[in-house]
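Here is a short report for a reader new to this structure. Please look at the chains first, then read on.

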Amino acid sequence: MARAAFVLVALLAVGAALGLVIKKNVIHGAMFLVVNMASIAALYYMLGAEFLAVAQIVVYAGAIMVLFIFAIMFLIPGKDETGPDPRRWQRALALPLGALLLILLLAVVAAVRGTGPPAAGPATSGALYRALLTDYLLPFELTSILLLAAIVGVMVLAKRRPG
Amino acid sequence: MTVPDAWYLGLSAVLFAIGIVGVIVRRNPLVIFMSIELALNAANLALVTFGARLGSPDGQALVFFVMAVAAAEVGVGLAIIVVIFRSRHRLSVDDLSLMRW
């Protein structure tokens with residue numbers, strides 16, 4: 001049952017990822033990415049990471065994708081990726097090299113399969129919160145400074161006039 | 001039957017490869033950005049899988065920080081793309097050759 005659910009969600013995730021890369025329309029690509037993020041959130045839930053499943057929906061499928069859609073609407077695409085491709089042979093090379101990367105990664109996965117300690121089961125969300133506020137307290141606080149710096153940086157960039 | 005860890009890692013590998021190919025193949029910087037997000041998510045999936053295997057919250061904590069950094073990165077990156085579009089009125093990475101030979 002769990003395996004059937006995994007295969008279903010995995011097919012959804014891979015299909016959406018392929019849609020993002022193949023589809024020419026940027027808005028369609030963004031919608032495919034939302035589907036991909038949601039299916040990955042489902043996988044987090046299946047792995048016992050409830051907090052991350054919710055955070056994935058809120059942060060990625062919610063906030064980040066809204067930003068993307070806003071940027072796409074603002075930039076009015078449609079004229080991009082038309083005309084002759086000046087780097088055609090480089091892009092033709094991407095597919096075999098990507099396949100090679102995939103084969104290497106899958107070989108690594110196959111090599112480590114069945115090794116290592118026995119599965120210990122997922123950590124509870126409570127353990128995650130405790131870890132974030134004890135062991136990871138400094139990075140946790142630095143994250144807020146990073147986000148503040150990002151906000152200030154975006155405002156500086158947005159205010160600048162061209163020319 | 002529980003799902004083996006290798007399945008999650010295999011899916012993570014597939015998504016990562018698709019994301020990398022998307023970065024190389026596409027010309028629209030927005031799609032390239034979204035492909036980067038795809039690869040980041042694939043890495044996150046692997047981290048959560050390892051965390052579940054070891055029974056430690058460290059994997060999930062790492063993913064939490066990756067999400068925060070990704071949010072900051074998307075904000076700044078999209079602002080840069082908007083500024084580039086304002087000054088050039090075109091949106092293709094092949095046009096942006098000022099800093100490469």
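## Burial and surface of chain A

Of the 163 residues in chain A, 33% are buried. Buried means under 20% relative accessible area, exposed means over 50%, and partly exposed lies in between (1.4 Å probe, protein chains only). The accessible surface of chain A is about 9900 Å². Carbon and sulfur atoms hold 76% of that surface. Areas come from the Shrake-Rupley method with a 1.4 Å probe, and for residues only the protein chains shown count as cover.

This is a predicted model: local features need pLDDT of at least 70, side-chain atom pairs count only at pLDDT 80 or more, and totals for chains, interfaces and linings use all residues. Residues are numbered from 1 along each chain as its sequence is written, chains are lettered from A and ligands numbered from 1 in the order in which they are written, and side-chain values use heavy atoms, with hydrogens and water left out.

## Fold and dimensions

Chain A has 6 helices and 0 strands. Helices (H or I, at least four residues) and strands (E, at least two) are DSSP runs, numbered from the N terminus.

The radius of gyration of chain A is 20 Å, whereas a compact globule of 163 residues would have one near 15 Å. That radius is taken over C-alpha atoms, and the globule rule is 2.2 Å times the number of residues to the power 0.38. Along the principal axes, the C-alpha atoms of chain A fill a box of roughly 55 × 40 × 25 Å.

## The largest core

The largest nonpolar core has 52 residues. Such a core is a set of buried Ala, Val, Leu, Ile, Met, Phe, Trp, Tyr and Cys residues joined through side-chain atoms within 4.5 Å. Among the members that touch the most others are A:Y44, A:F68, B:L11 and B:M34. Two or more residues each come from α1 (2-22), α2 (26-46) and α3 (50-75) of chain A, and from α1 (5-25), α2 (29-54) and α3 (58-88) of chain B. α3(A) gives the most, with 12 residues.

Leaving out residues up to four places away in sequence, A:F68 touches B:L30, B:F33, B:M34, B:E37, B:V74 and B:L78. Contact means heavy atoms within 4.5 Å.

## A closer look at B:I18

B:I18 sits in helix α1 of chain B. Its relative accessible area is 11%, so B:I18 is buried. Beyond residues up to four places away in sequence, B:I18 touches A:V14, A:A17, A:L18, A:V21 and B:L38.
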